[in-house]
Each structure stands twice: as structure tokens, then as C-alpha cells.
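I opened my notebook to look up a few things in this structure. Here is what I checked, entry by entry.

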Amino acid sequence: MQVKNDPEQFTDYLKDASNLSGGIAERIYFPETESEISQAVAEASEKFGSITVSGGRTGTVGSAVPFSGAVISLERLGKIISLDAEKKTIEVQPGVRLSELYVEVESRGLFYPPDPTEWSAQIGGTIATNASGSRSFKYGPTRNYVLELDLILSDGDLLKFRRGDKLTTRGGVLELESVAEKKIKVKVPTYPRPRVRKNVSGFYNSEPLDAIDLVIGSEGTLGVISRAKLRLIDRPKGFLAGIVFFKNTVDILNFVALAKEISFKNRSRNNDKNRAEIIERGKDSSGFNGIDRLDATLLEYFDDQSLRLISEKYREVPAGFQGAVFFEQETQEETEEAVFNAWEELLSKSGADLENSWFTTSQTDFEKMRKFRHALPVTVNERVVKNGQRKIGTDMAVPDAAFPSFFNYLKSSLKSSGIEYVIFGHIGDCHLHANLLPKNEAEATSSRHLYGRFIAQAIMLGGTVSAEHGIGKLKRKYLNAMYGERYLAEMSELKRCFDPKAVFGRGNVFEEKFLLG
């Protein structure tokens with residue numbers, strides 16, 4: 001196992017995509033096997049008292065930035081251990097990159113549904129953050145696809161998790177046993193979770209709770225993930241996709257609401273009775289006739305400011321529109337025309353400008369649409385660098401019923417601020433990214449104040465402060481605002497059950513006063 005002790009040799013491991021500065025560490029380990037992870041963890045715990053786990057370092061909240069102790073990089077644990085095409089499972093080491101996994105499973109006619117934006121992320125990191133993306137509207141986050149996990153504890157011992165094996169007993173208690181037969185008794189936190197589709201704010205809890213779900217989304221605070229077994233599905237035969245332009249924001253909100261209603265109803269099609277009722281009814285309350293054909297995989301939004309900004313790179317973006325929606329649906333060859341006709345009818349009734357909109361069933365053109373979507377955050381980052389400032393971007397989500405109110409609050413506040421901004425993202429999940437692009441320090445200060453107001457509004461509406469990026473080191477005060485010190489104390493108590501000396505992820509999720517007081 002390679003070990004580096006000179007910080008000059010590992011400066012790249014002192015930062016991540018959050019641009020959080022000031023990272024320091026005394027040593028970095030590069031294990032290549034599970035036993036070497038255990039060795040590195042045991043040694044680093046004893047000598048340095050603080051361990052930061054490093055994956056692809058693609059996170060935006062500073063979780064992989066160390067401020068003391070040692071770093072354990074998992075980049076050399078990048079093997080696909082096995083793939084069972086019949087059982088639709090894949091077993092991997094934590095350093096496998098998403099892009100590598102996608103190529104492997106799709107070559108076997110299979111599909112891994114979680115679709116985080118950053119394909120260079122490593123599997124271990126996506127599990128540690130419960131990563132999600134645009135397709136979570138249909139498929140949900142990473143959690144839904146994790147079947148087994150191995151977790152190395154701070155003394156080098158190993159916990160093995162298999163979905164369904166360990167559920168909470170009465171009173172919300174988990175009783176676990178390590179490979180070395182160490183007993184761990186865990187009291188699950190009692191805080192109420194917000195009723196939103198996406199939430200990665202603190203440890204997961206539910207009643208009952210599956211033990212494996214505590215590790216998923218724990219942001220490197222409980223141990224080191226050394227192996228994972230993931231569930232796959234059959235690869236879709238094809239996709240119909242479109243980027244549809246609207247001249248009226250109200251029409252966009254109405255279209256999205258209707259597309260969601262229809263999609264959710266059609267997801268009950270595995271229930272024959274429900275399907276029969278849907279087909280017999282034939283149409284929803286709007287009079288739309290294609291209700292039994294539509295089931296969106298994703299619904300993504302671009303506001304007028306996003307279209308203006310991205311038109312600097314894509315000249316074909318039509319002018320004069322208040323926004324656009326990117327939608328996608330799986331198709332079979334024999335259903336492509338019927339699905340397209342159903343979407344066309346829905347869009348026509350919803351006020352979309354079909355003449356200027358883009359549609360495709362071609363994989364090549366579909367990839368171009370995805371690049372168009374992903375070009376927006378890239379363009380935003382370029383503008384921020386040009387301005388010499390940091391972007392300030394939201395990651396909040398709110399319940400469905402509260403979304404129109406929250407959307408209007410975001411839009412009106414940003415318009416009146418005079419600061420350049422864009423709003424885009426996962427509108428199907430009531431989860432938008434509002435990015436403020438300050439040009440000077442005065443605007444940066446105003447942007448931070450606006451962000452605080454958006455956090456308060458989301459919490460007041462029953463939402464979450466982080467829907468997909470996690471808490472890390474940058475959003476701890478917002479987690480405190482969301483849950484309060486009582487529930488943070490419950491989270492820290494849970495962490496100490498796994499990590500008694502608070503070795504892992506020092507500074508992530510909690511302030512140290514909750515762990516060391």
C-alpha cells in the first residue's frame with residue numbers, strides 16, 4: 001500500500017468540487033484491497049485521530065476536504081467484482097467510476113438507473129451521499145439500488161449489511177454485530193423527515209428502518225465503504241425526449257403538474273385493478289386522452305435567464321420564451337409513435353410552442369440534449385470565474401403542494417435583487433437550483449442574505465435544506481436551522497455508536513461540539 005507523508009505530493013487531495021479552501025492533512029493512504037483499508041484505518045485512527053475518505057472529490061459541500069489527520073483515497077479500489085446478468089446485480093469496489101459502471105452494465109443489456117450529473121464520481125461516493133439526478137423523478141436515488149454494503153469501522157473491524165437483514169425493533173433500536181463479533185446497539189434518531197421527494201439532510205430514518213440505509217447518505221461519517229452490491233434493471237429499448245419552449249411561466253407550472261399527475265397514476269400499472277380503472281376512465285380531469293401512455297422519466301426546467309445564458313453557446317436556442325422543460329420517457333419501438341402523439345396532445349393543451357421545440361428518439365440526438373442540459377452549470381461556473389466571485393446556489397426541495405408558492409418566491413426575490421441569476425433543475429421533484437452570479441463583493445453579500453431567506457422559506461414550507469448535494473462542511477448551520485440542536489444531538493449519538501472517537505469525516509454534518517463535548 002502506497003503512503004505519502006509530504007503534503008506537497010498530495011495537494012489535489014486537500015480540495016474537492018466545493019472550492020472550499022484551507023485543506024490540510026498529515027498523511028494519505030492508497031489502499032488496494034479491503035484488508036489494506038482496514039490496516040490504513042486502524043493506523044490512521046491511532047496516530048492521527050481524524051480520517052477523511054476521498055473518492056472522486058466531485059462533491060460540492062466540502063465533505064472530502066480534510067482539516068486535520070489522514071486521508072484515505074479509494075481510487076485504487078476500482079474493480080468490478082462480478083456481474084450477474086440473470087439476477088440483475090453487480091458487485092463493485094468503491095472506486096469504480098459511474099462512467100465505467102454504465103459501460104459495463106449496458107454492454108450486458110442492463111441499466112443502472114441513478115443518474116447523477118457527474119459521471120466521474122466513484123460508486124462509494126455516490127452511496128455515501130445517496131446521489132440522485134434528473135432521472136430520480138421516476139427511479140429515485142441511489143438508496144433504491146443498494147443491496148449489500150461492507151463498512152470498515154475506526155478500529156479496522158468490518159460490518160456487513162444486506163438489505164432486509166436488520167430492521168429496527170420496537171423503540172427504533174438496531175442491534176448489529178461485526179465480523180469480529182463486536183456488538184453495536186444503535187438508537188435511531190426520532191426527527192420527522194420532510195415530505196419531499198429528495199432529501200439528503202442528515203442521517204436517514206424511518207419506521208421500521210433497514211440498517212443498510214443508515215450508511216447510505218452518511219457522508220463518510222460512520223466508516224469506509226469497501227464493497228457494494230447493486231440492483232440493476234433491464235435497459236430500456238429506447239427513449240423519446242424533448243426540450244419544449246413556453247412563452248408563459250404559468251403554462252410551464254400547469255404542464256409540469258399535469259405531467260406529474262399522469263406519470264404517477266401510470267406507475268400503478270403493475271396493479272391490474274388500478275390499470276383497468278385508469279384505462280376505463282380514459283382521461284384525467286383536464287380532458288387529456290393519452291393518460292394510459294405517459295410516464296416521464298425526467299422533467300427538467302430552464303428559466304428565461306438560463307435560456308439567455310446558454311444561448312451564448314447554443315445559438316439555436318429560440319428567443320422570446322419564458323422558459324423550457326426537458327422531458328424524457330422510455331419507449332418500445334412499437335409504441336414510439338403513440339407515445340409521441342400523447343405528449344404532443346398534452347403539450348398542445350398546455351400552451352407549449354411546438355413549432356420551436358425539439359424532439360427526438362435518436363440516441364445521438366438524445367445525447368446532444370443531455371449535453372445541452374449539462375452545459376448550463378458549466379456555463380454558470382465559467383461566468384462565476386469571469387466575475388472573480390463564487391456562485392451561490394440553492395439545493396432546497398419542498399413538498400408538491402408548496403412548490404408553486406416557493407417557486408414564485410424564488411423568482412420574485414431574484415428579479416428584484418438586481419443580481420444576475422439562473423434557475424434550472426429537477427422541477428419534477430420540486431427541486432430547483434437557483435444560482436446567483438454576483439459580480440462584486442457587495443452583490444456576493446446580498447446573495448448570501450438571499451440564500452438565507454430561501455433556506456428559511458423552504459423550512460417554513462416543510463422542505464429540506466439539501467435535496468441532493470448533502471450537508472458536508474458548508475451547510476452545517478442550515479441543518480441546525482432545519483432540525484435544531486436536539487435532533488443534531490440524536491444524530492451525533494448515532495455516529496458515536498459506529499465511531500466512538502469521532503474519527504471519520506471530522507467536520508462533516510455536525511459541528512465538533514456535538515461530537516466531542
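**Entry: helix α11 against helix α12.** I started with which residues meet here: F406, Y409, L410, S413, L414 and S417 of α11 touch L450, R453, F454, Q457 and A458 of α12. Contact, in my notes, means heavy atoms within 4.5 Å. I sorted the residues of this contact and got seven nonpolar, three polar and one charged. For that sorting, Ala, Val, Leu, Ile, Met, Phe, Trp, Tyr, Cys and Pro count as nonpolar, Asp, Glu, Lys and Arg as charged, and the others, Gly among them, as polar.

Before going on, I noted that this is a predicted model, where local features need pLDDT of at least 70 and side-chain atom pairs count only at pLDDT 80 or more, while totals for chains, interfaces and linings use all residues. Residues are numbered from 1 along each chain as its sequence is written, and side-chain values use heavy atoms, with hydrogens and water left out.

Next came the geometry. Two packed helices are described by the angle between their axes and the distance between the axes. The axes of α11 (residues 403–417) and α12 (residues 441–460) come within 11 Å and cross at roughly 165°. That makes α11 roughly antiparallel to α12; angles under 35 degrees count as roughly parallel, over 145 as roughly antiparallel, 65 to 115 as roughly perpendicular and the rest as oblique. The axes are lines fitted to C-alpha atoms, for helices over the stretch in contact, and the angles run from 0 to 180 degrees between N-to-C directions. I took helices (H or I, at least four residues) and strands (E, at least two) as DSSP runs, numbered from the N terminus.

**Entry: helix α6 against helix α9.** How do the axes of α6 and α9 cross? Helix α6 (residues 249–266) and helix α9 (residues 336–349) have axes that come within 10 Å and cross at roughly 145°. This crossing is right-handed. On the α6 side I wrote down F255, L258, A259 and I262, and on the α9 side W343, L346 and L347. The contact of α6 with α9 has seven nonpolar residues, no polar and no charged.

**Entry: aromatic rings.** I searched the whole structure and found 26 aromatic pairs. Rings of Phe, Tyr and Trp (its six-membered ring) pair if their centres lie within 6.5 Å; planes under 30 degrees apart count as stacked, over 60 as edge-to-face and the rest as tilted. One of the pairs is Y314 with F372, which is edge-to-face, at 5.0 Å centre to centre and 75° between the planes. This pair links distant parts of the chain, 58 residues apart: Y314 is in the loop between α8 (304–310) and β16 (323–331), and F372 is in helix α10 (residues 363–387). Both Y314 and F372 are buried (under 20% relative accessible area; exposed is over 50%, partly exposed in between, with a 1.4 Å probe and protein chains only). Ring pairs also link F245, F302, Y314, F321, W358 and F372 into a cluster.

Entry: Is V92 buried or exposed? V92 is buried, with a relative accessible area of 0%. V92 sits in strand β6 (residues 89–92). Not counting residues up to four places away in sequence, V92 touches K79, I80, I81, L101, I123, R227, A228 and L230. V92 and A228 are 136 residues apart along the chain, yet their C-alpha atoms are separated by 5.5 Å.

I81 belongs to strand β5 (residues 80–84) and counts as partly exposed, at 45% relative accessibility. Leaving aside its neighbours within four places in sequence, I81 is in contact with E91, V92, Q93 and R227.

Entry: I looked up a cis peptide bond, which joins E207 and P208, with omega about 0°. P208 is in the loop between β11 (183–187) and α5 (212–215). N130 has a phi near 50°, a positive value in a residue other than glycine, and N130 counts as buried at 5% relative accessibility.

Terms used: Left-handed = near helix turned anticlockwise from the far one by under 90°.
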